[in-house]
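Here are a few friendly notes to read with the model open beside you. Take the points one at a time and find each element as you go.

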Amino acid sequence: MYDTGLMIGQFEPLHLGHMRSILEASGQAKTLHIVITTTPSPHPDFNITLQDKARWLQMACADLPFIQIHTTDESELPCHEHFANNSFDTATSSTQLQHLLDTLSLPIETALFLADNHPLVHSPTQQQAPLAMKIVATSAQPEFDALAIAQNPIANWSALHPQVRGDYTKTIAIVGGESSGKTTLVHKLANHYGASFALEMGRLYVGTDLGGSEVGLQYSDYAPIVLNHAQAIREAKSCATAPVTIVDTDFVTTQAFCEEYEGRTHPFVAACIDEFRLDHTIMLDNNTPWIDDGMRSLGTPEARGRFEQRLVDIFARHDIAPHMIDQPDYDARYQQALLFIDQHVYGKKP
């Protein structure tokens, strides 16, 4: 048992193989310090920050007080994982490692944990180990191809740690006018992909705060509606069960209803449209039969056309380009939505 252990890695994304190595190392050190570094070539489809990675590990290890999490901008440290195509400069690494030990006030006797395929683990390379630290190898994790996971997190979804998945799932908003089949499509897509979903908050708000009727709806209600919706989306992403998370309507739709009913734009809703950007938007044409469910009031052709144009205008105002589905047949809409998601989220070719 070592008094102090050190593991350094990019952890982008954090996967189950990482955690198994961390748990193995923590069983051999009274205190294990994990240092997260920046990634030289981050995945272009995901905007992952150093703070995101710190949060993942902090949450994953929240109940393991003998593990301490740190971050650094140093890029030449000896990372736990080593890929065959990576070069390793022992001299530069030694300098940065010394600086890291000084910054964290770690003793020179600290054990450095590295994957057993790392060149520093094996002689004669180990004789050149930085600062002559004790090098301790962790077991291979052959079922987790770290390079493949980093290059294609979506294809390796099951290997991602649960704390990571909210940052790797893509949100798909299903929008359109009243009675355009949004909610039914949301549930069909969620079932197809086994995905988490966020429901429309305006309708729920009417039920919980307005007694089930829009007769009491007023301008001041639109801010809490979008806040509730933002929280619902956040919760759906945080427990994402698939690389896609489905969202019933969006903030643009809420703004469109505010302009329709109140005759003015809500600045807070506008701010939410820009702040809580969704990854993709599928807009359903308002050319399906209108069904009166007791809460809809825009059933005439003129009203439906006006509301659809209002949506288009607000999307343009916020530089959002929705993918339009104009097939009037419900199953055709479902198939078109599947095709779009398969291509833009799962990377499948048509």
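1. A patch is made of residues with over 30% relative accessible area and no salt bridge, where like charges are joined within 9 Å and nonpolar side chains (Val, Leu, Ile, Met, Phe, Trp, Tyr) within 5 Å. Accessible areas come from the Shrake-Rupley method with a 1.4 Å probe, and for residues only the protein chains shown count as cover. A salt bridge is a side-chain nitrogen of Lys or Arg within 4 Å of a carboxyl oxygen of Asp or Glu.

2. This is a predicted model, in which local features need pLDDT of at least 70, side-chain atom pairs count only at pLDDT 80 or more, and totals for chains, interfaces and linings use all residues. Residues are numbered from 1 along each chain as its sequence is written, and side-chain values use heavy atoms, leaving out hydrogens and water.

3. On the surface, Phe-197, Leu-199 and Leu-204 form a nonpolar patch with about 230 Å² of accessible area together. Leu-204 belongs to helix 6 (residues 201–209); helices (H or I, at least four residues) and strands (E, at least two) are DSSP runs, numbered from the N terminus.

4. Now look for the open sheet: its five strands have the order 3-2-1-4-5, with parallel pairing (two strands pair if DSSP finds at least two bridges between them). Strand 3 (67–71) and strand 5 (134–138) stand at the edges with a single partner strand each, so one side of each has no neighbour in the sheet.

5. Strand 4 (residues 111–115) and strand 5 run parallel, joined by five bridges. Leu-114 stands opposite Ala-137 in strand 5.
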